[in-house]
Amino acid sequence: MNQTNSQFENHRWSENLLMKIYKEKDHGSAYVAQRLADVISEKQKAGKKAILGMATGSTPKGVYRELIRLHRDEGLSFKNVHTFNLDEYYRMLPENVMSYNTFMKEHLFDHIDIPAENTNIINGDLELEEIENHCAEFEKKIYDLGGIDIQLLGIGRSGHIGFNEPGSATDSRTRLVNLCEITRNDAISDFNGLENVPTQAITMGVRTILDAKEIIMIAWGNKKSEIVQKTFTGEISADVPATYLLTHPKVEVILDHESSAFCNKMLPM
Ligand code: GLP
């Protein structure tokens, strides 16, 4: 079932995957923020916790801006929310300006009423021998809270989700990984030179991500059009870890006109 309205087109890509193509990425971000807000409110009404999987990078910034607005102007409370972030660079002090810990505070946590103890971000400043335990505890915490209700994802130009680079196994769990060349190159401007870009990261595994009850993946702009096309028109394979999303029972993919360029040739408009 394909639907069009003035702001977006809906494409039922498969039984499990809905693709929404927005004319403006702000509208797409507002839609995603509202989906998260709905999960939070539903859980609140039922007296339950909402467990959200969070992403970093430039892609989700608009979603976080809109969540802050919903909190400020429309009274959305995050008191019942627990968050788990996808990844963190290694080795990285949590208080470093380039850390994802800092990113989340700046772009979301410092502006809403989420209790600090409910936010979970991997510590990138561990000794090598501490990592395995830390990752196991992170996984256990998600499990003990009943699993992630909704996981937000961007996509890297390498095809990574979280920092699961090409070659990542479908049953991988939270672990230390090496960053591939494309990913490190894409981070050069953030870090002021390739030599400053970390070579490793700790990331939720593919299986950790696929265990989420629902997944929303977002991609904006020309820069992502090639990898988006590869993801949704190629074989499911470790070469493009984002293709594993096609095996999940409930995924929404939020695109803009540029990132969805390949659809123009494939889908009736
Ligand atoms: C980053 C993150 C990913 C993110 C991706 C895309 O490095 N670790 O979780 O989805 O790469 O980043 P951006 O949104 O800046 O394009």
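I began at the ligand, where one of its oxygen atoms sits 3.3 Å from an N or O atom in the side chain of Tyr100. I count a polar contact as a pair of N or O atoms within 3.5 Å; within protein, one must be able to donate a hydrogen and the other to accept it, and residues adjacent in sequence count only if both atoms are side-chain atoms. Before going on, I noted that this is a predicted model, where local features need pLDDT of at least 70, side-chain atom pairs count only at pLDDT 80 or more, and totals for chains, interfaces and linings use all residues. Residues are numbered from 1 along each chain as its sequence is written, and side-chain values use heavy atoms, with hydrogens and water left out.

Back at the ligand, I found a polar side-chain atom of Lys224 at 2.6 Å from a ligand oxygen atom. For Ser58, a backbone N or O atom lies 2.8 Å from an oxygen atom of the ligand.

Next I looked up α2 (residues 61–74) and α3 (residues 100–107), which pack at about 40 degrees with axes 10 Å apart. Helices here are DSSP runs (H or I, at least four residues), strands are E runs of at least two, and both are numbered from the N terminus. Axes are lines fitted to C-alpha atoms, for helices over the stretch in contact, and angles run from 0 to 180 degrees between N-to-C directions.

Last, I checked the backbone. The peptide bond from Tyr90 to Arg91 is cis, with omega near 0 degrees, and Arg91 lies in the loop between β6 (87–90) and α3. Asn192 has a positive phi, near 60 degrees, and I located Asn192 in the loop between α6 (188–191) and β10 (200–203).
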